[in-house]
Amino acid sequence: MDDLLQAAQNYNQMLSKKYVFTLGKNKKLHRLELVFTAIDFYHLAGLHKLDDIPALRTNASIVFKKILKGQITLDTIKSSHRFFEIEGRIKCLGCLEHFIDTANDVFKYDIKKAKGSRIVADYLLKGSLKDNTNYYFMISFKEHYVGVSFFSKSEKDYTANQMKLTMLRKEKIDSDSGEVVLLYNSPNYIA
């Protein structure tokens, strides 16, 4: 199985899950509900950067479905002259659930303080995958948050000058089964 299909299948399993983060800073609580939609896979995988691949020039949810059906494969997108820019993203995306389960460093993201960044986001989750630092950016969408970008750190530290929040509690909820898994609870926090 190629990395693109594996990433899409793993992401597809996350569509029924949501994470609830309870964060604190200066005695103020921040509550984030992170959800996943088929449309967001396109951008998280970096497929928007491959504007020279005709199969990707359609609705993001259609692209996601075609990847799951094997109609768009890693071989389809490897011919892009910009493929090298997203290859690492696709590998990261295959491990997204593990990343979110284990990452506990959350920052309130302010693009004005992120020199040279064009990423529009409200929060940034920082953690590790395979000995690499990774960043997952989230933006408000209706009453929830969704991912807008996910990649491994290069030279730039996206957490520089950003306000770090304290992780107080993190839960993963499966909307199909109703199962709630407590992933983290600060010893000093009582829900």
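I looked up serine 16 and record it as buried, because its relative accessibility is 15% (buried means under 20% relative accessible area, exposed over 50%, partly exposed in between, with a 1.4 Å probe and protein chains only). I note that this is a predicted model, in which local features need pLDDT of at least 70 and side-chain atom pairs count only at pLDDT 80 or more, while totals for chains, interfaces and linings use all residues. Residues are numbered from 1 along each chain as its sequence is written, and side-chain values use heavy atoms, with hydrogens and water left out.

**Serine 16**

I located serine 16 in the loop between helix 1 and strand 1 (17–25); helices (H or I, at least four residues) and strands (E, at least two) are DSSP runs, numbered from the N terminus. Beyond its neighbours within four places in sequence, I found serine 16 in contact with Ile173, Asp174, Ser175 and Asp176 (contact means heavy atoms within 4.5 Å). I also checked phenylalanine 36, which lies 20 residues from serine 16 in sequence, with a C-alpha to C-alpha separation of 7.7 Å.

**Helix 1 with helix 3**

The axes of helix 1 and helix 3 (residues 60–68) come within 9 Å and cross at roughly 115° (axes are lines fitted to C-alpha atoms, for helices over the stretch in contact, and angles run from 0 to 180 degrees between N-to-C directions). Helix 1 is therefore roughly perpendicular to helix 3 (angles under 35 degrees count as roughly parallel, over 145 as roughly antiparallel, 65 to 115 as roughly perpendicular and the rest as oblique). On the helix 1 side I list Leu4, Leu5, Ala8, Gln9, Tyr11 and Asn12, which meet Phe64, Ile67 and Leu68 of helix 3. I record the contact residues as seven nonpolar, two polar and no charged (Ala, Val, Leu, Ile, Met, Phe, Trp, Tyr, Cys and Pro count as nonpolar, Asp, Glu, Lys and Arg as charged, and the others, Gly among them, as polar).

**Helix 1 with helix 5**

For helix 1 (residues 3–14) and helix 5 (residues 83–93), I read axes that come within 8 Å and cross at roughly 40°. Helix 1 is therefore oblique to helix 5. Asp3, Leu4, Ala7 and Tyr11 of helix 1 meet Ile90, Lys91 and Leu93 of helix 5. This contact comprises five nonpolar, no polar and two charged residues.

**Serine 149**

I placed serine 149 in strand 6 (residues 144–152). I count serine 149 as buried because its relative accessibility is 5%. Its side chain makes a polar contact with the side chain of arginine 89 at 3.5 Å (a pair of N or O atoms within 3.5 Å; within protein, one must be able to donate a hydrogen and the other to accept it, and residues adjacent in sequence count only if both atoms are side-chain atoms).
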